[in-house]
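Subject: Structure handover

Hello,

Here is the structure I promised to pass on. My notes follow it.

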Amino acid sequence: MPALTRNKKKGAKLQTPPLNKRTNSNATTQLKKAAKSHKPPLKKQRKGISDEKPEASNDEEEEEEVSEQSDEGDELGSDFLSDGDGEEDDDDDDEEDTEPLADDFLGGSDDEEEEPLGSDSDSDVVKKSKAIDEEREREEQDAKDELQMNIKEQPDEFRLPTKKELEEEASGPPDLPTLQTRIKEIVRVLSNLKDLRPEGVKRKDFVEQLKADLGSYYGYNEFLIGTLVEMFPPVELMELIEAFEKKRPTSIRTNTLKTRRRDLADVLLNRGVNLDPLSKWSKVGLVVYDSQVPIGATPEYLAGFYMLQSASSFLPVMALAPRENERVVDMAAAPGGKTTYVASLMKNTGIIYANEMKVPRLKSLTANLHRMGVTNTIVCNYDGRELPKVFGQNSVDRVLLDAPCSGTGVISKDESVKTSKSANDIRKFADLQKQLILAAIDLVDAESKTGGYIVYSTCSIMIPENEAVIDYALKKRDVKLVPCGLDFGQEGFTRFREHRFHPTLEKTRRFYPHVHNMDGFFVAKLKKMSNETKASEGDEPVETKEQAQLSSDDDDEAIEELEKPSGASGKPKQDTKVDKNKRRIPISKPNNKGNKNKNANVEGPRKQKKKRSQWKAEIAQAREDKRKVMRENTKESGGR
């Protein structure tokens, strides 16, 4: 038996092992060697193991390899000797073989333990960024504290310049930084005059110096800057003046007769135009920020898809709110922006009378009407004050009067207004506007089923051109103010200095560039209550101005002819004066009868004809008197 077992062992050693066992053993050894070769060196450094004995480690590896080979031999022998238990032994061996691999791979997880080093670097970056942010915040806070400190220190140091200093400044070129600093200081003092006013200095002194400095720095004349100082508080005044120095954004109005705003915006965006909807209050407006093509020369513009129009020009038409199939008059229509807007709201129905007094402007008006596809408009060329006798009184449903004005609300477009306008100019514009608004009221029919409204607007912020004109109309005609239908804008003045206006003027609306980012504008909407007129003694100075100008030439000629016969004798001269007085009496009597307005434009031509016929009769009478005197003189000389 022992010999038999010995031979079996020798035969087992000579036989080759199965293929799968050989491949498994080779694979496990290769994996172990690879795992050992890929062990990270940082593990020893982190655990504090020194590499002083490399020979010992090599010996250990050799011993491990020898033990592995002996184990493989034992496994092979046991495979031949065991029948059914061999599989379990193989599984156990595989588990034992995989355990060192698992340890090696777990040991190889030291690579993952290197992540805290990267996180440390990230934390350092975060700390540095936090430090930089804190330092920046500290610097900003220091700057604010320094600014506040300077502001607190300046009240004690600021004082108004003396006369000598002002004379020295006037002798040389303006020192703009000094002027700017002084303007800011004066505004700051005036905004809190009770606490910051120096002793012995009156408010008037600060205001006068502020006027002079603003006029020098921004280029306003004395009248205009004085009016603005009276109208606005110091802080708001500075905001308004600064807004006048900047241009308003370009805006366009979509022509709804030909396209929609969404479609137009898509087309213009494709052409490189940067735009947005104008605002919530407008459904047809677009604001243009910049454009790669000229916005006034695109194919869409030439086709009449839109109109270049300032945002403030939308407001009067929106307040007028015309309806379809109405008769509407635009008393000052050129260049046609408001007229075409009215036509689009009326959908080319009804009739629009577009009047323009200046002939050169008719060309642009008619061109825009054709380009925009307007077909319900009649262009006419009359003085607006004569329209009631042209169309007839009480003949239309609505009237839009964008009256000629001083243009003090559009200084950003025309800087010449700063120096060109005076108190006399404002007075002339106000007189013209009063005549125009009375003519507009006379045009409207109070019994219109859908209309009876007048919208008055100006691009001026002067009170004599706005609230004073509306207050005058309320006194002279049977009209009342109604809401404009605009949910934004500031209320109009009901009092200004010594002036007291009608309380309903709070329904009017004012628009400013520093508040609404549009040109300065004024809008008022009137409702005609009846077709009667109010008569008062105050009508004559303003209302008869045009008639006096029209008949002045005839009066001068007639007076000269009346004075000619007076040279022959002194008695006829005295009679002529009596005749002249008699002539004036019948003219005033018919006007006072029936409490009729002396200024009605319809009666203008009749009065003028009556005057001419009267003058002819008086001239004939004077000539007859002259012949009688000459005959008497000849008789006396013949009798002698």
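This is a predicted model: local features need pLDDT of at least 70, side-chain atom pairs count only at pLDDT 80 or more; totals for chains, interfaces and linings use all residues.

First, a term: a polar contact is a pair of N or O atoms within 3.5 Å; within protein, one atom must be able to donate a hydrogen and the other to accept it, and residues adjacent in sequence count only if both atoms are side-chain atoms.

Residues are numbered from 1 along each chain as its sequence is written, and side-chain values use heavy atoms, with hydrogens and water left out.

Overall

The protein chain has 26 helices and 15 strands. Helices (H or I, at least four residues) and strands (E, at least two) are DSSP runs, numbered from the N terminus. Of the 640 residues in the protein chain, 38% are buried. Buried means under 20% relative accessible area, exposed over 50%, and partly exposed in between (1.4 Å probe, protein chains only). Contact means heavy atoms within 4.5 Å. Among contacts in the protein chain with a separation of 6 or more, 74% are between residues 24 or more positions apart.

The annotated sites

UniProt positions are given in the numbering used here, feature names are shortened, and annotations may be inferred rather than shown by experiment. An unreviewed UniProt entry places a "binding site" at A332, A333, A334, P335, G336, G337, K338, E356, D383 and D402.

A332 sits in the loop between strand 5 (327–330) and helix 16 (337–346). A332 is partly exposed because its relative accessibility is 22%. Not counting residues up to four places away in sequence, A332 touches N355, E356 and D402.

D402 belongs to strand 8 (residues 398–402). D402 has 17% relative accessibility, so it counts as buried. With residues up to four places away in sequence not counted, D402 touches A332, K338, S457, T458 and F521.

The "active site" feature, also from UniProt (unreviewed entry), is at C459. C459 lies in the loop between strand 9 (453–458) and helix 21 (467–476). Its relative accessibility is 22%, so C459 counts as partly exposed. Leaving aside neighbours within four places in sequence, C459 is in contact with C405, G407, T408, G409, V410, G520 and F521.

A helix pair

How do helix 8 and helix 10 cross? The axes of helix 8 (residues 176–191) and helix 10 (residues 203–218) come within 10 Å and cross at roughly 145°. Axes are lines fitted to C-alpha atoms, for helices over the stretch in contact, and angles run from 0 to 180 degrees between N-to-C directions. The crossing is left-handed: the near helix is turned anticlockwise from the far one by less than a right angle.

From helix 8, the residues in contact are L176, L179, Q180, R182, I183, I186, V187, V189 and L190; helix 10 supplies R203, F206, V207, Q209, L210, D213, L214, S216 and Y217. By class, the contact of helix 8 with helix 10 has 12 nonpolar, three polar and three charged residues. Here Ala, Val, Leu, Ile, Met, Phe, Trp, Tyr, Cys and Pro count as nonpolar, Asp, Glu, Lys and Arg as charged, and the others, Gly among them, as polar.

S251 is in strand 1 (residues 250–254). S251 counts as buried because its relative accessibility is 5%. A polar atom of the S251 side chain lies 2.5 Å from the backbone oxygen of Q309. The S251 side chain also reaches the backbone nitrogen of A311, at 3.2 Å.

R271 is in the loop between helix 13 (261–270) and strand 2 (273–277). R271 has a relative accessible area of 35%, so it is partly exposed. The side chains of R271 and E300 make a polar contact of 3.0 Å. R271 and S291 are 20 residues apart in sequence and 8.3 Å apart in space, C-alpha to C-alpha.

Helix 17

In helix 17 (residues 362–371), L362, L365, N368, L369 and R371 are buried. Their cover includes helix 14 (299–302), strand 4 (306–308), helix 16, strand 6 (351–355) and strand 7 (377–380). G373 follows helix 17 and has a positive phi, near 75°.

Best wishes
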